[in-house]
Amino acid sequence: MSEPIIKFEKVVKSYGNYRVLNDLDFEVARGEKVTIIGPSGSGKSTVLRILMTLEKINGGVVSVGNEPLWHEQGPNGLVPAREAHLRKMRKQLGMVFQQFNLFPHMTVLRNLTEAPMSVLGLSKQDARERAEELLQLVGLADQLQKFPNQLSGGQQQRVGIARALAMRPKVMLFDEPTSALDPELVGEVLNVIAKLAEEHDLTMLLVTHEMRFAREVSDRVCFFDQGNIKEQGTPDELFTNPKEERTRAFLKAVLEG
Amino acid sequence: MLFGITWDTSNGDLAFALSILPILLRGMVVTIQATIAGFAIAMVLGLIFAVLKSVPLKIVSWPTIVITEFFRDTPLLVQLFFLYYVLADYNIILPAFATGALALGVQYSAYMAEVYRAGIEAVAKGQREAAKALDLSASRTFTHIILPQAVPRVVPALGNYLVSIMKDVPVLSVVTVLEMLGVARIIGDQTFNYLVPLSMVGGLYLIMTLVASALVRFVDAKLPKRGLPFK
């Protein structure tokens, strides 16, 4: 396995007395597609939210591309990161949200060009070309002047994916991207994600309840339970022959539900 | 006689009313001007206060909270006298109209700051998170993501203050601003007929506030509920 692009070392995250992440050690290799599954409250979304700097950590070190995410190198070791460092680090990551979180007052085109223009400094022309290319990729090339509320949930989520990609992140984080969708719209979003998974440079971290999909696209599946990885392996290992009793119980419940 | 217009006191109330109507309308123009000026100041200053209150640094937010509480909890008349008489002692002499508009604006900015803040806090948390995930700067997030969604929601609440400001304008007559009520009182003082001019002021006020309310409803209906569009 090549060097990890993401590394969690003894990471602790707690809300009051409740430990969401419990001394988590976790690595993702460059270009790897990893799916995180597990019961709710097991800390799987928290992993993504910490990476996107939406949640602070309470202990341990998280690194992205060999550089600490929540810390900076001070004269006497690591010190908590300042906003400038966080902004620099965020550029490597893109996130797709369960609730899409598109900007409702902006057209699809504006949703896709806002950050590339104001953050990366792209010209209007370049940003537009990039947006059109990405909308082509997600199959929405003809919708660029629509507002989000004129689109279906599946279309909105595909815009959400294109919007994150417009920043050219090295790592894409998908936080239950199909959980808020009507069942008949899930497929179109999963198709787009599967298409992205074929790109071998892009690292993908996916939290999902779509087990069949996880099996198809991931290199590795991690089963989270009580704030740590209970079991992990290739999709075949984990789905056909889980070792842990807890994993078996979870898979049984999910696949039969 | 006022503003070069004479009144007719010898042909009954109707003729008197008609003769002073142009004078009252002059006063009404001043009332409307003061309302608009005060409202504009309050809108801008209120937004600034709302932003400063939400700054995570206590050294910024605390003084802002103290100042806005002071503006909110002291009478308009006290603030008006303060601006008009006390500042003059320090050689800051503002025209009566400017003083009045400023006093109205300052007092109502404190109320409006709360309205803005409620609107800003009502914008879904996911919007901030999406902006952060796209690495937008804090100021860009505020001006391009949060504010365009917050403002349309608070238009009705801000509009109520437009009507309130309008109804507070007569207070400015104590610092010699010739707004409608002040004009009516002068007419009453000189003709010993208070009933007619004051009744007219009441009626004209009712018309103004109804129009202002309709205007607010119109603007509110025109604004897209999901935020001001960004093409």
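**Exercise 1. Determine which residues Ala214(A) touches, leaving aside those up to four places away in sequence.**

Step 1. In this predicted model, local features need pLDDT of at least 70, side-chain atom pairs count only at pLDDT 80 or more, and totals for chains, interfaces and linings use all residues. Residues are numbered from 1 along each chain as its sequence is written, chains are lettered from A and ligands numbered from 1 in the order in which they are written, and side-chain values use heavy atoms, with hydrogens and water left out.

Step 2. With contact taken as heavy atoms within 4.5 Å, Ala214(A) touches Thr35(A), Thr208(A), Pro235(A) and Phe239(A), once residues up to four places away in sequence are not counted.

**Exercise 2. Decide whether Ala214(A) is buried or exposed.**

Step 1. Buried means under 20% relative accessible area, exposed over 50%, and partly exposed in between, using a 1.4 Å probe and protein chains only.

Step 2. Ala214(A) counts as buried because its relative accessibility is 0%.

Step 3. As for its distance to Ile37(A), the two C-alpha atoms are separated by 8.7 Å, although the residues stand 177 apart along the chain.

**Exercise 3. Describe the secondary structure and the extent of chain B.**

Step 1. Helices are DSSP runs of H or I with at least four residues, and strands are runs of E with at least two, numbered from the N terminus; by this count chain B has eight helices and zero strands.

Step 2. Along the principal axes, the C-alpha atoms of chain B fill a box of roughly 75 × 45 × 25 Å, and of its 231 residues 45% are buried.
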